[in-house]
Amino acid sequence: MRRYILNRLFQFIPLLIGMTFISFLIIQISPGDYFTQLKMNPEISPETIENMRKLFGLDKPVIIQYFYWLKNIFSFNLGVSFSYHVPVSFLIKVRLKNTIALSIFSIFLTWIISIPLGIYGAIKDKKIQERILSFFAYIGISLPGFFIAMLVIFFISKTAILPLGGTTSIFYENASNFEKFIDYLKHLLVPGLILTLSGIGSLYRLMKNNFLETLNSPYIFTAYAKGIPTYKIYFKHALRNAINPMITIFGYELSGILSGAGLVEIITGWPGMGRLVLEGVLSFDLYLVMASLLIGGILLILGNLLADILLALTDPRVRLR
Amino acid sequence: MKKILQRLKKRNYISFISLWIIVFLYFLAIMADFIAPYPYNKQFRDYPLCPPTKIHFFDHNKKFHLRPFVYEIKLVNPALNQYEIIEKICPIYFFVKGEKRKILGLFPSTRYLFGTKQGKIFLFGTDMHGRDIFSRVLYGARISLSIGVIGVSLSFFLGFLIGGISGYFGGRIDNILMRLVEIFMMFPAFYLMLALRAVFPLNLSSFQIYLLIVVILSLIGWAGLARIIRGMVLSIKEEEYILAAKALGISTFKIIFKHIIPNTFSYSITAITLSIPGYILGESTLSLLGLGIQEPFPSWGNMLSVCIGNLRILSNAPWMLIPGFFIFLTIICFNFLGDGLRDILDPKNW
């Protein structure tokens with residue numbers, strides 16, 4: 001098992017290097033030279049520029065610059081943001097925390113809702129309940145995330161039941177820890193619900209199809225023939241087999257955290273990675289964008305790895321391989 | 001073709017209807033010059049954020065009019081965008097005269113499908129510059145609907161080319177190409193889209209931006225396709241008729257494009273239909289963030305961009321969300337159609 005995981009990790013390293021190199025190239029061919037821009041900015045001291053030039057080789061060719069960057073990554077130096085004048089790691093730490101909180105919240109909610117619904121839909125296949133559920137699932141799949149966000153914001157602007165934008169209210173400073181937590185959660189609710197709404201449809205459909213396929217397999221018929229009670233067939237035999245493909249999808253979902261939440265974050269004003277990267281891209285903030293893409297890649301690796309491990313835990317066939 | 005339509009109608013009526021809705025939407029887009037009552041950039045300064053005009057058959061005396069009419073309206077409170085109805089009846093006519101426009105950019109015409117002689121008719125209301133949203137939705141459909149088709153074709157071309165080569169030749173070429181595909185699939189799609197957009201200056205001409213969006217979206221979309229095509233080619237190339245073709249001395253290029261790729265078509269038709277929504281979404285996302293199609297040209301995405309972070313407009317003028325419904329309608333129709341096509345093209349279901 002350990003060897004398997006290590007093996008997978010090693011396979012990812014060249015991919016990660018390739019990906020960062022391509023993004024480095026993409027940003028380098030963008031117009032707008034930040035180095036000269038940097039020199040012209042009176043807010044940045046010449047020592048800082050000199051320091052960065054040494055560390056990142058800013059005046060050297062692209063390929064060399066890339067190796068400088070790579071060298072710094074291994075000493076956990078992600079560089080300095082050109083537009084914020086603070087280390088990138090500092091910027092990302094705050095924003096990444098918000099994005100991860102939002103994603104975990106919405107993923108949890110999506111799964112807890114759509115898995116039971118999917119099972120229910122499969123059991124009631126071709127009946128009126130399934131038709132209604134599938135109809136709504138279709139709508140959910142086809143509604144763009146940003147449009148759901150706008151509809152939810154419209155609804156909230158009419159009713160004002162939930163706070164919108166930011167992570168904290170005005171009274172946050174002198175609130176107790178518990179109140180702070182509740183306040184944070186309240187702000188999380190709007191973007192979280194939007195992401196959940198846009199995720200339920202496709203997950204429901206996947207789960208329903210998986211469960212249905214399992215229910216049609218011969219061993220389920222055998223179980224019926226042996227007189228095993230229906231609920232036992234569903235939850236003891238079918239569910240455990242139907243959930244396996246979902247675990248892979250769970251891994252994908254974790255790896256898609258960054259990309260999936262980005263637009264909704266921008267629309268609802270949740271200070272996560274989305275807005276940061278958008279601004280970084282628009283202002284050619286090289287190291288900021290690089291670091292975000294790197295984190296995206298790492299998340300993908302972690303997500304896939306987690307899926308592999310979970311799959312090995314639930315499915316002995318994978319474990320034995 | 002006719003057979004497919006018939007089977008679609010019989011097996012999956014919803015996707016049959018979806019197909020016709022899609023055809024209708026494309027028809028609207030093509031004929032926008034004739035159907036739209038106003039040009040997309042015509043600003044009625046006296047009617048900012050005007051709510052959708054109601055079409056009446058009965059006037060305030062409960063008298064029935066055979067010809068539908070609208071009431072003339074007047075802005076009474078510019079600060080709050082409040083409008084008042086003036087009890088003046090403006091009948092709606094077909095083929096009314098208006099400003100000169102070129103239909104399809106070819107035939108100059110002064111008559112449009114419908115309109116009023118006095119007063120204004122804003123079926124979907126107006127935006128804050130007083131531009132008719134109905135007309136802009138029709139013109140915007142041209143961009144939003146065509147980008148899907150063009151983007152998908154480009155992606156499929158790349159996907160077929162790289163997937164086909166990779167699957168057919170195998171070995172080292174396959175290895176290198178598939179690593180490249182994996183690298184592309186590792187990027188967070190949303191951020192890759194932003195980064196690619198940033199490579200190019202913001203102030204391009206609208207046609208350049210259009211091409212740019214197509215290229216960006218295809219660059220993001222080809223990788224997944226290439227991988228699937230490769231898998232299919234791998235299995236098809238073992239078939240005996242390929243061996244026969246090889247024995248006959250047909251060139252490799254011809255074998256790939258004439259004998260292998262056509263065999264993946266039943267899959268690709270479904271995949272094309274189901275991936276068009278992704279391209280429409282990509283265009284709307286870029287335009288929504290102000291990185292895509294620029295004003296005054298409308299696209300469904302950039303018409304929605306005022307709704308971001310602008311709570312007052314959003315809550316006072318919900319008709320600004322109408323382009324979003326069109327995006328939704330298009331996507332759901334493509335999804336229904338794709339599922340229907342998968343149903344009937346799958347040999348298991350014959």
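**Charges, chain B.** I began with the charged side chains of chain B in this predicted model. I found 36 positive and 19 negative ones. The centres of the two sets lie 5 Å apart.

Where do positive charges gather on the surface? I noted a patch made of B:Arg67, B:Lys97, B:Arg111 and B:Lys117. I then looked up one of them, B:Lys97. This residue sits in strand S3 of chain B, which covers residues 82-103. B:Lys97 has a relative accessible area of 61%. Exposed means over 50%, so B:Lys97 counts as exposed.

**Charges, chain A.** Chain A carries 28 positive and 17 negative side chains. Here the centres of the two sets are 14 Å apart.

**Chain B, overall.** How many helices and strands does chain B have? I listed 13 helices and 4 strands. I took the extent of the C-alpha trace along the principal axes, and chain B spans about 85 × 45 × 35 Å. Of the 350 residues in chain B, 51% are buried. I checked the contacts with a separation of 6 or more, and in chain B 67% of them join residues 24 or more positions apart. The accessible surface of chain B is about 17,000 Å². Carbon and sulfur atoms hold 65% of that surface.

**A loop residue in chain B.** I picked B:Thr264. I found B:Thr264 in the loop between helix H9 (252-260) and helix H10 (265-288). Is B:Thr264 buried or exposed? Its relative accessible area is 0%. The cut-off for buried is under 20%, so B:Thr264 is buried. What does B:Thr264 touch, leaving aside neighbours within four places in sequence? I wrote down B:Phe160, B:Met232 and B:Ile236.

**Chain A, overall.** I turned to the secondary structure of chain A. There are 14 helices and 0 strands. Read along the sequence, the pattern is α-α-α-α-α-α-α-α-α-α-α-α-α-α. The C-alpha atoms fill a box of roughly 80 × 55 × 40 Å along the principal axes. Chain A has 321 residues, and buried ones make up 47%. Among contacts in chain A with a separation of 6 or more, 74% are between residues 24 or more positions apart. I put the accessible surface of chain A at about 16,500 Å². Carbon and sulfur atoms account for 68% of it.

**A nonpolar patch in chain A.** Which residues form a nonpolar patch on the surface? I noted A:Leu6, A:Leu9, A:Phe10, A:Ile13 and A:Ile17. Together they have about 450 Å² of accessible area. I looked up A:Phe10 in this group. A:Phe10 belongs to helix H1 of chain A, residues 2-28. Its relative accessible area is 57%. That is over 50%, so A:Phe10 is exposed.

**A loop residue in chain A.** My last stop was A:Gly227. I placed A:Gly227 in the loop between helix H9 (218-225) and helix H10 (230-255) of chain A. Is A:Gly227 buried or exposed? At 55% relative accessibility, A:Gly227 counts as exposed, because the cut-off is over 50%. I also took one distance, from A:Gly227 to A:Leu311. The two are 84 residues apart in sequence. In space they are 30 Å apart, C-alpha to C-alpha.

Notes:
Residues numbered from 1 in each chain as written. Chains lettered and ligands numbered in written order. Predicted model: local features only at pLDDT ≥ 70, side-chain atom pairs only at ≥ 80, totals over all residues. Heavy atoms only, no water. Patch = residues over 30% accessible without salt bridge, like charges linked within 9 Å, V, L, I, M, F, W, Y side chains within 5 Å. Areas by Shrake-Rupley, 256 points an atom, 1.4 Å probe, with all protein chains shown as cover. Salt bridge = Lys/Arg side-chain N within 4 Å of Asp/Glu carboxyl O. Lys, Arg positive; Asp, Glu negative; His and termini not counted. Charge placed at Lys NZ, Arg CZ, Asp CG, Glu CD. Helix = DSSP H or I, 4+ residues; strand = E, 2+ residues; numbered from the N terminus. Buried < 20%, exposed > 50% of the residue type's maximum accessible area, 1.4 Å probe, protein only. Contact = heavy atoms within 4.5 Å.
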